Amino acid sequence: MDELELKDDHQQRSRAKAELITATAFNQENPDGVIRGMIHMLSAGHNFKSAQLVMMPMFSFDLEPKIGVALEIVDRLLTQTGLLEPSSSTVLHLLFDAVPQDIDVKLLEPYQLHAASMFESACLEVGGTTLGARLVVKLASMFKLNSSHLQDTEAIGAYVSELLLQGGTLSPAVSLLMQFEVLVKQLDIEALLSYMVSEGHELAFYVSECIDQDRLKFACKAVRMFNLQESFPTVEADFNKANISKLVRKRLWSVASSRVGNDIELQTLLLREMVAVGEMALVEEYRRHFDLPDGALDIDPLGLDAETKRRAETYLQLEVPLDRLLFVDSRESLKTAATYLHAATVIGLDVEWKPGGVQPRKWVKAPEESSSDQGSATASDTEATGVDANLTTSLSATSSSDSDSEAPAGEAAATSKKSKREQNPASLLQVGTMDRVFLFDLIALREEPGALDACLLPVFGSQVGTRDEPEALDACLLPVFGSQEVLKLGFEISGDLSTLAASYPAVKAFKCVNSVLDLKELWIAYQSQLDSRAVS
């Protein structure tokens with residue numbers, strides 16, 4: 001064996017030894033041993049890519065304890081050597097790239113708060129360096145951190161602003177903005193982008209980064225602000241199409257239809273998306289709503305009949321005669337609703353409001369951000385699901401306060417937005433009992449001056465205090481909403497209740513709702529069970 005062969009043989013043995021050290025240390029949950037093994041691998045002839053390929057199988061089994069080891073490695077390197085020390089940064093990049101991206105978030109939950117603490121410390125340590133910024137992005141991504149995990153959002157906002165304003169660290173800055181939504185609400189992105197333009201930074205790269213990370217909303221906004229349509233001619237259309245598809249996946253048909261407006265192309269896209277998810281009956285309904293011609297889509301009549309039959313078989317059909325449906329918009333109808341609701345033991349709730357974009361009335365105290373139309377579960381189209389719950393939730397109205405102070409665009413790092421789009425008030429409250437449905441026209445009740453409470457005295461007696469509308473609604477709803485004995489059901493119901501509380505802060509019934517069960521979790525479990533059966 002010549003000298004070259006001996007050298008190759010020695011290198012192969014050294015690599016194998018390093019790989020064995022690393023794998024053994026992982027299995028023994030020894031973070032210091034893993035660090036030594038990884039450094040040994042890189043010094044024994046492995047390049048970064050080959051070392052990554054060696055490490056990836058180590059995460060293919062017994063994953064949970066190895067996540068803990070990975071976190072301890074980050075902790076040690078952060079506190080002992082610093083993330084910017086060459087060997088530390090190389091080890092961390094290798095570690096982050098070897099960990100699978102599709103880890104179940106439930107495995108990460110026990111480690112996320114510690115990881116978030118290290119993330120915030122790391123941001124302060126690495127500053128605006130490109131290498132450091134990439135490391136903190138990978139750390140946040142590996143542990144799937146989100147806004148709720150952050151303690152000092154102002155400091156992180158200042159850090160992201162620094163990355164944006166440097167220009168050379170746009171990619172990690174955009175990644176962090178996408179991952180932590182609270183930063184988008186906290187920072188004045190428009191001011192930051194304007195300052196970047198004034199400093200001669202190229203915004204095309206920012207837009208490209210947003211597109212690459214599938215954040216078309218931000219890309220579209222920048223294109224509109226700075227007239228970049230010539231460079232990005234399709235971004236707005238792509239954003240609209242993606243938005244429609246997203247709303248369709250969530251079954252938010254009414255919101256999707258409001259977003260397409262009078263655009264025939266988007267209307268047709270919405271109908272095709274409905275066909276793709278099997279909602280044939282809705283397709284015909286919305287085709288007529290959009291006033292599109294019969295031939296706009298080629299819908300098989302047999303397929304339409306089959307879909308109608310499928311919906312009837314899949315969803316629990318609750319026949320509600322017209323005499324059991326009550327619109328609550330006057331003194332008399334409020335009195336009738338109170339009588340029946342007072343005797344209920346289970347009710348279903350749903351709330352509707354107009355999507356954002358239109359200024360609310362003066363009496364609305366709106367939260368800073370909220371989604372509209374959280375879904376419209378109707379009495380005739382509700383999934384049949386078993387229930388067992390004993391949950392309680394308390395809600396209080398929230399309001400936003402906008403800052404009137406002005407600052408130069410370059411100082412926008414940790415400033416709040418000067419103005420936020422307020423949410424429209426809740427307009428319709430749907431309440432269903434076992435045999436009746438009540439539609440509370442909240443706008444009509446709000447605008448009826450003062451005297452709604454008098455008609456409730458025979459029902460609730462002394463609970464009606466003054467001739468004031470909030471007390472009137474409370475007299476009707478508080479004995480039901482506040483009761484521990486009456487179960488309240490809904491789908492993503494927390495959003496509905498928050499909107500009620502924010503829209504009508506004087507109504508106590510909307511602030512404290514007891515014994516609430518969100519059917520979304522049951523629906524997810526039911527769907528997972530169906531999917532597992534399909535796979536098996």
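# A chat about strands, helices and cores

Modeller: Five of the seven residues of β6 are buried, so β6 is largely enclosed by the rest of the structure. Buried means under 20% relative accessible area, with exposed over 50% and partly exposed in between (1.4 Å probe, protein chains only).

Biologist: What kind of model is this?

Modeller: This is a predicted model, where local features need pLDDT of at least 70, side-chain atom pairs count only at pLDDT 80 or more, and totals for chains, interfaces and linings use all residues. Residues are numbered from 1 along each chain as its sequence is written, and side-chain values use heavy atoms, leaving out hydrogens and water.

Biologist: How many helices and strands does the protein have?

Modeller: There are 24 helices and 10 strands. Both are DSSP runs numbered from the N terminus: helices are H or I with at least four residues, strands are E with at least two.

Biologist: Back to β6. Which strand does β6 join through five bridges?

Modeller: That is β7, residues 437–441, and β6 covers residues 426–432. The two run antiparallel. They form a hairpin with four residues between them. Two strands pair if DSSP finds at least two bridges between them.

Biologist: Which residue in β7 is the bridge partner of glycine 432?

Modeller: Valine 437. Further along, valine 431 has phenylalanine 438 as its partner, and leucine 429 has phenylalanine 440.

Biologist: Why is β7 called largely enclosed?

Modeller: Four of the five residues of β7 are buried, so the rest of the structure largely encloses β7.

Biologist: How do β2 and β7 pair, parallel or antiparallel?

Modeller: Parallel, over four bridges. Phenylalanine 327 has leucine 439 in β7 as its bridge partner.

Biologist: And how many bridges link β3 and β6?

Modeller: Six, in the antiparallel sense. Aspartate 350 stands opposite glutamine 430 in β6.

Biologist: What is the strand order in the open sheet?

Modeller: The order of the six strands is β2-β7-β6-β3-β8-β10, with mixed pairing. The edges are β2 (325–328) and β10 (516–518), each pairing on one side only. Neighbouring strands are turned by 25° against each other on average, direction ignored.

Biologist: Which strands does helix α19 touch?

Modeller: Helix α19 (residues 331–341) packs on the sheet and touches β2, β3 (346–353), β6 and β7. Its direction makes about 125° with that of β2. Axes are lines fitted to C-alpha atoms, for helices over the stretch in contact, and angles run from 0 to 180 degrees between N-to-C directions.

Biologist: And where does α23 lie?

Modeller: Helix α23 (residues 493–503) lies across β3, β6, β8 (487–490) and β10, at about 65° to β3.

Biologist: New topic. Which residues touch the most other members of the largest nonpolar core?

Modeller: Met55, Phe119, Phe143 and Tyr206, in a core of 81 residues. A nonpolar core is a set of buried Ala, Val, Leu, Ile, Met, Phe, Trp, Tyr and Cys residues joined through side-chain atoms within 4.5 Å. A second, separate core of 33 residues includes Trp353, Leu429, Leu477 and Val507.

Biologist: What does phenylalanine 143 touch?

Modeller: Ile67, Leu71, Leu108, Tyr111, Gln112 and Ala115, not counting residues up to four places away in sequence. Contact means heavy atoms within 4.5 Å.

Biologist: Last one. What share of the 536 residues is buried?

Modeller: Buried residues make up 43%.
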